[in-house]
Amino acid sequence: MGLRWIPDIDVDRAKLRSTLSYAITPELAVGVEWNPLGDDVRPIATWRALDETDVRPALIFSTSSDRIGTTNGSAFSAVFAKDVEAWTNLPVSPYFGVSYGTAEDELRAIGGLLIRYDEAWSSTHLWDGHNLHHIVEYAFESGHNLGLVVADLDGRYSLGVSWSWNFGTGGSDSGAE
């Protein structure tokens, strides 16, 4: 379960986002996304088609609402993700891939970087094909995560907060984008 609130962003749909997902298996999670200020409800899903190995990145397919600056639409994404700490001695996990957004009918390159500072603190830096967004997050032992979101919409920055709660095992839920 996740919530994201960015009160001063120009796009109503992006001001308040809520997600609820269920991990059917460790590889497949399905759920619903509700953006109440944009009167927008849509299915979400994440499928890890290939697990990460020592040398191979994971391959992940997903769907959700289109990128944060759009007023409507869905996104369908495929990304490769790899924890490269064993190779670099840095606690980082980059990802890159493509996303098709129905709002603008376009295929775009996406990517990002997760940085783990310790067991509780991390930051994620997400390129959505148009803008770079940042989330600094604290993970509580109870399964709750609290984050500060900095969303960039074409050079205009908006601050927000995110909260998520993983109350099961085997899957994950992200309230980020």
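Two strands count as paired here if DSSP finds at least two bridges between them. With that in hand, turn to the fold of this predicted model. Twelve strands form a closed barrel, in the order β1-β2-β3-β4-β5-β6-β7-β8-β9-β10-β11-β12. The pairing is antiparallel. Neighbouring strands of this sheet are turned against each other by 20° on average, with direction ignored. Strands of a sheet pair through backbone hydrogen bonds, in either a parallel or an antiparallel way.

Look next at one pair in the barrel. Strand β11 covers residues 144-153, and strand β12 covers residues 156-165. Ten bridges join β11 and β12 in the antiparallel sense.

Leucine 148 lies in strand β11.

Now move to a loop. Strand β5 spans 58-65 and strand β6 spans 74-81, and isoleucine 68 sits in the loop between them. Is isoleucine 68 buried or exposed? Its relative accessible area is 6%, under the 20% cut-off, so isoleucine 68 is buried. Glutamate 85 comes 17 residues away from isoleucine 68 along the chain. The C-alpha atoms of isoleucine 68 and glutamate 85 are separated by 29 Å.

Technical notes: Residues are numbered from 1 along each chain as its sequence is written. This is a predicted model: local features need pLDDT of at least 70, side-chain atom pairs count only at pLDDT 80 or more; totals for chains, interfaces and linings use all residues. Side-chain values use heavy atoms; hydrogens and water are left out. Helices (H or I, at least four residues) and strands (E, at least two) are DSSP runs, numbered from the N terminus. Buried means under 20% relative accessible area, exposed over 50%, partly exposed in between (1.4 Å probe, protein chains only). Axes are lines fitted to C-alpha atoms, for helices over the stretch in contact, and angles run from 0 to 180 degrees between N-to-C directions.
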